[in-house]
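The following note collects points for a colleague who is about to examine the model in detail.

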Amino acid sequence: AETINEYLSWLNRVEFKDWVPPALVYFKRFRQKPALLAQFFESLERLTYFIMVTKAGINERIETYAALTREIEPLTFEGALGDLKTLALTDKQKREFVAVLDGNIYRDLPKARMSLVLRLESLVRAPGLHLKEAVSLEHVLPQTPTDNSNWLEWFPDEEERDAWTHRLANLVPLDRKKNSSASNYDFAKKKDAYFKAKGKASPFVLTQEVRSENEWTPTVLAERQKRLVGVLKHHWGLTTAAGTN
């Protein structure tokens, strides 16, 4: 039950509810098979987040979930997930999913970015650690760094700086509203004065990781981006048959 409720909690963060009908049909038919239900909701979460981040239109969403419901209805008591073709992402869809996760999620996914960052936070935490709700997302590398700051020393090329600003590696959750006056601090001052919660360490692992770094350079961001996208790829099973993105 705990595992199923975990998946449901993440499904409920999605702005649309088209996933509910197939979820109800499957649950009603196989409610006596908790292990099977957990597998189903794991796959349903992946499909739903794929639809969310790729911004499928309302008609496509409705048809996808209607097709899934039609596949569930004739299932035998075994309820094999292999018969639910709609739940299985193609290699092309997996590559599309990863490409979005590796892109400018803050700018491109305003309705999904908080859910994605918090889902990632939940996956990097130690099991059993309570996940606190975030109030805001903060760019570690500021969106508008000030002149003569170490940000411009580390990111002298404006195009490279812009390419990193809105990506997953540069975003951290905060448990309070952003302080715009602190957002442009140099890194050393910002991580000590900003990435704390009332004088204590941030409750978010992703934010604590930033405070352990001595600098915030393109090299640090590239390594962090690869690791964090890899966490989501592993969770959602997004490795393709060829082993590529």
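1. Which residues in H3 meet which residues in H4? The model is a predicted one, and in it the H3 side of the contact is formed by Phe-40, Leu-44, Leu-47, Thr-48 and Ile-51. Their counterparts in H4 are Arg-61, Thr-64, Tyr-65, Leu-68 and Ile-72. Sorted by class, the contact of H3 with H4 comprises seven nonpolar, two polar and one charged residues.

2. Two packed helices are described by the angle between their axes and the distance between the axes. For H3 and H4 the angle is about 160 degrees, and the axes lie 11 Å apart. Because angles over 145 degrees count as roughly antiparallel, H3 is roughly antiparallel to H4. The crossing of H3 with H4 is right-handed.

3. Most residues other than glycine have a negative phi. Lys-55 counts as exposed because its relative accessibility is 55%, where the cut-off is over 50%. Gly-57 is in the loop between H3 and H4 as well, but Gly-57 is partly exposed, with a relative accessible area of 37%.

4. What is the largest nonpolar core built from? It has 54 residues, of which Tyr-26, Phe-40, Phe-41, Leu-44, Leu-84 and Phe-97 touch the most other members. The elements that give two or more residues to this core are helices H1 (2–11), H2 (20–30), H3 (34–53), H4 (58–72), H5 (91–101), H6 (105–108), H7 (113–124) and H12 (218–236). H3 supplies the largest share, 12 residues. Phe-40 and Leu-44 are among the residues that touch the most other members of the core, and both also belong to the H3 side of the contact with H4. In soluble globular proteins, nonpolar side chains tend to be buried together.

5. There is also a second, separate core of 14 residues. Its members include Trp-151, Trp-164, Val-172 and Phe-195.

6. For the chain as a whole, the secondary structure consists of 12 helices and four strands. The C-alpha atoms fill a box of roughly 65 × 35 × 30 Å along the principal axes. Of the 245 residues, 49% count as buried. Among contacts between residues at least 6 apart in sequence, 72% join residues at least 24 apart.

7. Asn-148 and Asn-150 should be read side by side. Asn-148 is in the loop between strand E1 (136–139) and H8, and its phi is positive, about 65 degrees, although it is not a glycine. At 76% relative accessibility, Asn-148 counts as exposed. Asn-150, by contrast, is placed in helix H8 (residues 150–154) and is buried, with a relative accessible area of 15%. Not counting residues up to four places away in sequence, Asn-150 touches Asp-186 and Phe-187.

8. Is Thr-217 buried or exposed? Thr-217 counts as buried because its relative accessibility is 11%, and the cut-off for buried is under 20%. Thr-217 sits in the loop between helix H11 (205–211) and H12. Leaving aside residues up to four places away in sequence, Thr-217 touches Trp-154 and Phe-155.

9. Two further positions are partly exposed. Lys-33, in the loop between H2 and H3, has a relative accessible area of 22% and is partly exposed. The C-alpha atoms of Lys-33 and Gly-237 are separated by 23 Å, and these residues are 204 residues apart along the chain. Asn-5, in helix H1, is partly exposed with a relative accessible area of 47%. Asn-5 and Lys-200 are 195 residues apart in sequence, and their C-alpha atoms are 30 Å apart in space.

Terms used: Residues are numbered from 1 along each chain as its sequence is written. This is a predicted model: local features need pLDDT of at least 70, side-chain atom pairs count only at pLDDT 80 or more; totals for chains, interfaces and linings use all residues. Side-chain values use heavy atoms; hydrogens and water are left out. A nonpolar core is a set of buried Ala, Val, Leu, Ile, Met, Phe, Trp, Tyr and Cys residues joined through side-chain atoms within 4.5 Å. Buried means under 20% relative accessible area, exposed over 50%, partly exposed in between (1.4 Å probe, protein chains only). Contact means heavy atoms within 4.5 Å. Axes are lines fitted to C-alpha atoms, for helices over the stretch in contact, and angles run from 0 to 180 degrees between N-to-C directions. Angles under 35 degrees count as roughly parallel, over 145 as roughly antiparallel, 65 to 115 as roughly perpendicular and the rest as oblique. A crossing is left-handed if the near helix is turned anticlockwise from the far one by less than a right angle, and right-handed if clockwise. Ala, Val, Leu, Ile, Met, Phe, Trp, Tyr, Cys and Pro count as nonpolar, Asp, Glu, Lys and Arg as charged, and the others, Gly among them, as polar.
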